[in-house]
Amino acid sequence: MMKTISSNPTTIHRRYFTNETHQDQHHHCSTTTLHYQLTAPYHLGITSTITRHYIFKSRSTRVEMRGLSVGFLILAFTLAFVEAGFEFGRCSFQPPVDPFDFNEYSGEWYEWGRYLTPSQIVAGCTKNILTPNGPLLDVEVEYIFLDRIRAKKGQLKYSDPDKTEAVLTFEFSANGFGDRQNEYTFPNYKVLDTDYTSYAIVYNCIDLYLFQFTDLYIYTRDRQPTEDVIANVYMELYKRNIETFGIARTDQGNCPN
């Protein structure tokens, strides 16, 4: 059985899971091998591939399926931390866009990819709709989860209202920032680069003692951007020495308008 997260052969990343089950007649048990393969993004024409194998043994088909499901969950959460921004060391300084134009940044942005999270396995068609609202941007995030269209609302503001750099605070809240819109708020949404018309790179890094946890999002104005647009994004990440190995494509196929 194969589950393909990104099956387009022209995409930069390709991840898939396969499992093989073999029955042992002598010990009345079965062995299931789970294969995980990750093809890293190319840098200057270089590609690399890592393949991992996980073996589960069970006494019955019921136990086997239960063990395999748990294995998938453990694997998904492990990969989300190990390969998507959780690592040793301190956060490096990444200069944001300055000055940043809220009005130019408003509109529709499609999530092209991000550091791998378990939610990407079951959700897709993620789109952000940003609407100016005074010193704020109202944000509506639409996505498909379990074949149903879902939506969450929030707001985006300058972390420090007295500055013009793209160091922002994003918050999911029915009431938004309320009377805090002109106050300093902890930043968690930094726009590293954007041309406002085709792509935006959003970044956040948190120091956790000896570790750092990084979020990275790539947004595009088109649901299916051109290869040139994505090449510009990766070149910017490469210049900043930002890890791209854990970026997974967000499924934007067969999405409603």
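Which residue in β14 does Y115 stand opposite? In the predicted model described here, Y115 stands opposite I247 in β14. Because the model is predicted, local features require a pLDDT of at least 70 and side-chain atom pairs count only at pLDDT 80 or more, whereas totals for chains, interfaces and linings use all residues. Residues are numbered from 1 along each chain as its sequence is written, and side-chain values use heavy atoms, with hydrogens and water left out.

The strand pairing around β6 is described first. Helices (H or I, at least four residues) and strands (E, at least two) are DSSP runs, numbered from the N terminus. Two strands are taken to pair if DSSP finds at least two bridges between them. Strand β6, comprising residues 107-115, pairs with strand β14 (residues 247-249) in the antiparallel sense over three bridges. An antiparallel pairing over four bridges is found between β6 and β7, and β6 is also joined by four bridges to β13, again in antiparallel orientation. Y110 takes part in two of these contacts: K127 is its bridge partner in β7, and T220 stands opposite Y110 in β13. With regard to solvent cover, residues are classed as buried at under 20% relative accessible area, exposed at over 50%, and partly exposed in between (1.4 Å probe, protein chains only). Strand β6 is mostly covered, as seven of its nine residues are buried.

Charged side chains were examined next. Side chains of opposite charge can pair when their charged atoms come close. A salt bridge is defined as a side-chain nitrogen of Lys or Arg within 4 Å of a carboxyl oxygen of Asp or Glu, and by this rule the count comes to six salt bridges. One of them joins E108 and K127, whose closest N and O atoms are 3.9 Å apart. This pair links distant parts of the chain, with E108 in strand β6 and K127 in strand β7, 19 residues apart. E108 counts as partly exposed because its relative accessibility is 36%, whereas K127 counts as buried because its relative accessibility is 8%. K127 also forms a salt bridge with E142, with the closest N and O atoms 3.8 Å apart. K127 lies in strand β7 and E142 in strand β8, so this pair ties together parts that are 15 residues apart in sequence. At 23% relative accessibility, E142 counts as partly exposed. Through shared partners, salt bridges join E108, K127 and E142 into one network.

A further salt bridge is formed by the side chains of D207 and R90, at 3.7 Å from N to O. Here too distant parts of the chain are linked: D207 is in strand β12 and R90 is in the loop between β5 and α2, 117 residues apart. D207 has a relative accessible area of 33% and is therefore partly exposed, while R90 is exposed, with a relative accessible area of 55%.

A nonpolar patch is also present on the surface. Patches are made of residues with over 30% relative accessible area and no salt bridge, like charges being joined within 9 Å and nonpolar side chains (Val, Leu, Ile, Met, Phe, Trp, Tyr) within 5 Å. Accessible areas come from the Shrake-Rupley method with a 1.4 Å probe, and for residues only the protein chains shown count as cover. The patch is formed by F88, I206, L208, Y209 and L210, which together have about 630 Å² of accessible area. Y209 counts as exposed because its relative accessibility is 76%.

Several backbone features were also identified. The peptide bond from D98 to P99 is cis, with omega near 0 degrees; P99 is found in the loop between β5 (86-88) and α2 (102-105). Positive phi values in residues other than glycine occur at C125, where phi is near 60 degrees, and at D147, where phi is near 65 degrees. C125 is found in strand β7, which spans residues 123-133, and counts as buried because its relative accessibility is 10%. D147, by contrast, is found in the loop between β8 (136-145) and β9 (148-158), and counts as exposed because its relative accessibility is 79%.
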